[in-house]
Amino acid sequence: MWTLTHGSTVVLQTDPGPADGRAPGRTADLSLFYFASASGTEGSASGAAYRLLLEGAGFADRHGFEAVWTPERHFHAFGGIFPNPSVIGAALATATERIAIRAGSVVLPLHDPVRVVEEWSVVDNLSGGRAGISVASGWQADDFVLAPGNYAERKQVMLDGIATLRTLWSGAPVERPNGHGRTTAVRTLPRPVQDELPLWVTAAGSPDTFRAAGESGCNVLTHLLGQDLEQLAEKVAVYRRARQEAGHQGPGRVTLMVHTFLGEDPEAIREAVRGPFRDYLASSLGLLAGLARSMGLGDDLSALPDDDLNTLLDHAFDRFYGTAALFGTVDQAVTLLDAIADTGVDEVAALIDFGMDEDAVLDSLPLLARARELHAARPAEAEPALPELIRRHKVTRLQCTPSQAAMILAEPGGPEALAELSLLLLGGEELPAALAERLTQLTSARIQNMYGPTETTIWSSTHRVGPDGRVLIGRPIANTRMYVLDSQGTLVPPGAPGELHIAGDGVSRGYLKRPELTEERFLPDPFAAVPGERMYRTGDLVRLRPEGTLEFIGRTDHQVKVRGFRIELGEIEAALLSHPDVAQAAATTHGTGVARRIDGYAVLRPGSRLTETSLRAHLDTRLPGYMSPASLQLLDELPYTPNGKIDRRALPEPTASGTDRAGRLAPRGLTEMRLALLWQEILGERSVGVRDNFFHLGGNSVLAVVLLAEVERQFGRRLPLSVLFQGPTVAQMAVALQSGAADTDRQSLVRLRPGGEVPLFLLPGAGGNLVYFNDLAAHLPEQLMLYGLQPLFTEDTTSQTLVAELAEQYLPLVLSAAPQGPYHLVGHSFGGHIALELATRLRAAGHEVRLLGMLDTAAPLPERRHATADWGHVDWLVALARVFERIFGCRLDITHERLRELDEAAQLAAFRDTLREQSVLPPEFDDDVRLRGFIRAYIADQHSLYVPAVPYEGTLTFFRAAELHPDNVPPDELAWILDDEARGWGRFTAGPVEVRETPGDHLSMLTGPHVGQLAKLIGEHIEL
């Protein structure tokens, strides 16, 4: 009222809110789509094969639907009654009056674009200008008996054909050879009614196809087979961005095909569609298998065992029902239509002919029309955006929350709009100093930080933010009093911290129907002039500055706000302490704004072997997801202040470890590493942890089949689908592979990730375990074809001739993988010695070695062997345990004292059991022979007697770790190498030694956050 009564115009951002429970948003047009599965492929067809098509199209034409879509299919029951969409389109043109007639799709590489334009010009004339087509590259190899020469380059043929279609449709000629072999210019007839042919590109889900459609200026036709709505929204954004960047006008049009059948009773509908839809999916498996086989991903899915096939179909049906198909009631359909439209889809094409009784389908169309009407009546999104409102109404004063101010800054035109203000009032939440500083630099407006809890009627104090961006609570507003009190209710002197209490006219009566809480927070005001007045205890810790302003310090009750949730850290600490093995616990937050996160800490009781993983599982049963700590750390003790309270500011920030900041557990063995990389490729994920759920990451039944086919190709063993559905994690799949006959790690040459063109061979140290390259493989340039070389773990490994034997073993594998070269070899630690020997032998054979890289490899100086010459079995197990601790960021109870009293077999068992308890045991090391072989290989690495026979004549690139870990300090007799930039390697080369320093130490250089810089340095040394 103050603003109105003082002559200001008040502009409110419109928020229509929900209408009948529905949120405002976009709407999409509704069409019909036909893709029938023919009931038979032999004998004569019935005379009613197209009844559902014609009667359904007539209904859609009369009831405001957008279009009727029909496909092109050949030689298969799946859609086989639609071999030529232009013929079908001509029939529909004469049977309808207003509805658009579209092909979904014309497989353009099967046809000469001249014929396509001729046929669809006829449809355009018959329909009065209602024709449109989507073009596809084709996916079934058997279809290409019509044009076998186009199959290999079908996608490019399609893209080239689009330009030809547009040329001919516009009336311009194209050149073709005639019967005499002479080139002649041809124009198509009849001339179409529309000046421009509406064109779509059919996209099965690849972002590249969406991008190509945008670049070509076409629309997009897609479906939900293999993608969900969230993924679709991302691809729609890719399409529209590509379209805009290519300079095309307008946003384009996205059409989504969705299977559809509506009724009155949701349970009855579910049972009615289950059988026909499963049969429909079963008829489509041949197509999916054809795709998989053409990509080298597996055999014909029709050969699946019945149990696997039923598992696949049941899973597909459950996925589609309710989330990817318009099945159910009108209300359910409207909800899904709203969600689809919010992804950016402009048109929903309802596929209705998937095997349901034709009369039932026709009877259900009025319900679909009703759903269309209700969806079209959805309230529109609130418009315009705040920057536009500010500009349109010439706003000079703005009140909003700091979060909203940050969002305005991120919107197009937002900074310019805020720069025009004369007054900016920010309140409702804490104002971050960084945001305040940015705003003061952006605008000359007076910026006021408004402070006050809801309990004291919103605002209680205000402070003008100065040019330095410093944020203070300020001074109380009129009719408001503020006291800074200690725990005894006594006023504290200026500069001393205390809890803020607010009194005055703004203090509310209390909490509705919560007398206990009211009594706790609303206290008698002992400083009031009028008896009976109350003050509100805020829980905010503040101090009074010398000039009389208040400064916010923190919360006295450890209440924080993270991602919009107000959270009591004490509840998290109580949940941690509820575990019997936890003696002390603390929780705090790190980061600011949307990056703010909760981190938990625990001190275990003496003798406990509780792991972070087990403790997190315990928390998951006691805390909602938004309160779950992003990381957990087990500490020896908690930091305390001098007065004996937990010092939360001294709690360590989370560090990179085997479990990353999102709780994601990194691969612990080669099998898990290879599987994780495979999952990343198939799911399109940058990182996959061994306990991530395949289906939670976006996997579905189709991708499950593709995954298992690729697993069979890479690991030589076919797993049933039930393995993935019952154990949908990398760790569980690795166990399934290890428990059977699959030989997953007994090969020396291992492809570390798919794709790439330039070969790079990586050679590990630490006993030859390639898992240590997991993070590096994920960060190296995509153009690199990554291979790993590893020794086979046996019990007869010795140090005498180890390097020469491994080089002899690896050389033919390298030559077979990359017969022509040039060669790029990078070895870590002891692996660098093998890389050097391999490079020497390759050069001697006349091959070019462009990169010999040493990742902090110690030069083969004889003094190094003396330090471990007298070590026994226990010493080596303890040393290996320290390596595992550094790699996986965990604590292992493997000590000399614990192992010394055990025999060698029991020592090995204790070593393995401890690694398993901490979830860092590579699955393949469950086997005694392989575990012993790994340990012996590690010992042989450390005792290697290798010295190069001749100095290396090429360039040796030494990637030196910037930090020296205590475990890697050289013995006294080699202290001189710390002053040598090349760490002694100059003694073993005739050519130059190029030194590149990379962050981290000997092991942490291979993990986050350092590995990205190492990958960048390696990439700079390879010509891509």
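Helix 10 and helix 11 sit oblique to each other. Keep in mind that what you're looking at is a predicted model. Two packed helices are described by the angle between their axes and the distance between the axes. Here, helix 10 (residues 330-342) and helix 11 (residues 358-376) pack at about 50°, and their axes are 9 Å apart. As for handedness, helix 10 and helix 11 make a right-handed crossing.

Which residues do the meeting? From helix 10 come Val330, Ala333, Val334, Leu337, Asp338 and Ala341, and on the helix 11 side they meet Leu367, Arg370, Ala371, Leu374 and His375.

Now move along to helix 15, which covers residues 433-442. Its buried residues are Leu435, Ala436, Leu439 and Thr440. Look down the axis of helix 15 and those buried residues fall within an arc of 135°, so they line one face of the helix. Turn to the face pointing away from that buried side and you'll find the exposed residues Ala434 and Gln441. What covers the buried residues of helix 15? The cover includes helix 13 (402-410), helix 14 (414-419), strand 13 (423-427) and strand 14 (446-451).

Finally, zoom out. The protein chain has 30 helices and 33 strands, and 51% of its 1024 residues are buried. Take the contacts between residues at least 6 apart in sequence: 69% of them join residues at least 24 apart.

How values were computed. Residues are numbered from 1 along each chain as its sequence is written. This is a predicted model: local features need pLDDT of at least 70, side-chain atom pairs count only at pLDDT 80 or more; totals for chains, interfaces and linings use all residues. Side-chain values use heavy atoms; hydrogens and water are left out. Buried means under 20% relative accessible area, exposed over 50%, partly exposed in between (1.4 Å probe, protein chains only). Helices (H or I, at least four residues) and strands (E, at least two) are DSSP runs, numbered from the N terminus. The arc is that of the directions from the helix axis to the C-beta atoms. Contact means heavy atoms within 4.5 Å. Axes are lines fitted to C-alpha atoms, for helices over the stretch in contact, and angles run from 0 to 180 degrees between N-to-C directions. Angles under 35 degrees count as roughly parallel, over 145 as roughly antiparallel, 65 to 115 as roughly perpendicular and the rest as oblique. A crossing is left-handed if the near helix is turned anticlockwise from the far one by less than a right angle, and right-handed if clockwise.
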